[in-house]
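The report below describes the fold shown here, moving from its strands to its helices.

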Amino acid sequence: MRCPWCGHPDDRVVDSRAAEGGAAIRRRRECLRCGRRFTTFERAEQISLIVVKRDGSKEPFDRQKVAAGVAKAIKNRPVSDEQVEQLVERVEEKLRRKGPLVTTQEVGIEVLSLLRRLDDVAYLRFASVYKDFQELTDFERELGILLQKREAAAAAQRRPSRSTGARTNR
Ligand SMILES: [Zn+2]
């Protein structure tokens, strides 16, 4: 490790210990030329997650990008920043299990499946901004189910006497 003070390439390690809860090793080093000390951290290389776009091009998974898409979808909806953060974290976790290569559609599906549990409106908004997604049969099926659910709920509201009648029979 090159000395940050004088640029000399050789040093000796004077102390080595676990850091960051065991996720890293912290080493205290001493330059063999100037004698000054500096610290290095060793961490496991983050296994990369690559998103394959429709046109076949690839880019590293970008958490910020997903978060920005979700943030747009939850605007003025009762969803907290914390919930968004958790959602994005879970999406990334799920994708890493599938990785290292995932498609944009897979990213979209994971976001939608989690967003759907949070908020119906945000779910539909996300679907509409996520253009890559619109032709996807999985999405259309999902959307169909959601709309059916809503129609059924609306129909039930239009006939309140029937449903209360059914409940009192029990
Ligand atoms: Zn030095």
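## The antiparallel sheet

Arg28 has Thr39 of β3 as its bridge partner. This is a predicted model, in which local features need pLDDT of at least 70 and side-chain atom pairs count only at pLDDT 80 or more, while totals for chains, interfaces and linings use all residues. Residues are numbered from 1 along each chain as its sequence is written. Helices (H or I, at least four residues) and strands (E, at least two) are DSSP runs numbered from the N terminus, and two strands pair if DSSP finds at least two bridges between them.

The sheet in question is open and has three strands in the order β1-β2-β3, with antiparallel pairing. Its edge strands, each of which pairs on one side only, are β1 (11-19) and β3 (37-43). From one strand to the next the twist averages 25 degrees, where axes are lines fitted to C-alpha atoms, for helices over the stretch in contact, and angles run from 0 to 180 degrees between N-to-C directions.

## Two hairpins

Strands β1 and β2 run antiparallel and are joined by eight bridges, and Ala19 has Ala24 of β2 as its bridge partner. Four residues lie between the strands of this hairpin of β1 and β2, in which Glu20 takes a positive phi near 55 degrees.

Strand β2 (residues 24-31) is joined to β3 by seven bridges, again in the antiparallel sense, with Glu30 standing opposite Arg37 in β3. The hairpin that β2 and β3 form has five residues between them, and Gly35 in its turn has a positive phi of about 80 degrees.

## The mixed sheet and Ile50

A further open sheet of three strands has the order β5-β4-β6 and mixed pairing. Its edge strands are β5 (58-60) and β6 (101-103), each pairing on one side only, and neighbouring strands of this sheet are turned by 35 degrees against each other on average, direction ignored. Strand β4 (residues 50-52) pairs with β5 over three bridges in the antiparallel sense.

Ile50 is found in strand β4 and stands opposite Pro60 in β5. Is Ile50 buried or exposed? Ile50 is exposed, because 12 other C-beta atoms lie within 10 Å; a residue is buried if 20 or more other C-beta atoms lie within 10 Å of its own, exposed if 12 or fewer, and partly exposed in between, with C-beta atoms placed from the backbone. Leaving aside its neighbours within four places in sequence, Ile50 is in contact with Lys58, Pro60, Phe61, Pro100 and Leu101, two residues being in contact if their C-beta atoms, placed from the backbone, lie within 7 Å. The C-alpha atoms of Ile50 and Thr103 are separated by 8.3 Å, although these residues are 53 residues apart along the chain.

## Helix α3 and its neighbours

Helix α3 (residues 104-118) lies across β4 and β6 and runs at about 75 degrees to β6. The axes of α3 and of helix α2 (residues 81-98) come within 10 Å and cross at roughly 140 degrees. That angle makes α2 oblique to α3, since angles under 35 degrees count as roughly parallel, over 145 as roughly antiparallel, 65 to 115 as roughly perpendicular and the rest as oblique. The residues of α2 in the contact include Leu87, Val91 and Leu95, and those of α3 include Val107, Val111 and Leu114. The contact divides into eight nonpolar, one polar and five charged residues, where Ala, Val, Leu, Ile, Met, Phe, Trp, Tyr, Cys and Pro count as nonpolar, Asp, Glu, Lys and Arg as charged, and the others, Gly among them, as polar.

Helix α1 (residues 63-73) packs with α3 at an angle of about 40 degrees, with their axes 12 Å apart, and α1 and α3 are therefore oblique to each other. Val66, Val70 and Ala73 of α1 meet Val107, Val111 and Leu115 of α3, and by class this contact has six nonpolar, no polar and no charged residues.

## The chain as a whole

The protein chain has six helices and six strands, which follow the pattern β-β-β-β-β-α-α-β-α-α-α-α when read along the sequence. Of its 170 residues, 17% are buried. Among contacts between residues at least 6 apart in sequence, 48% join residues at least 24 apart.
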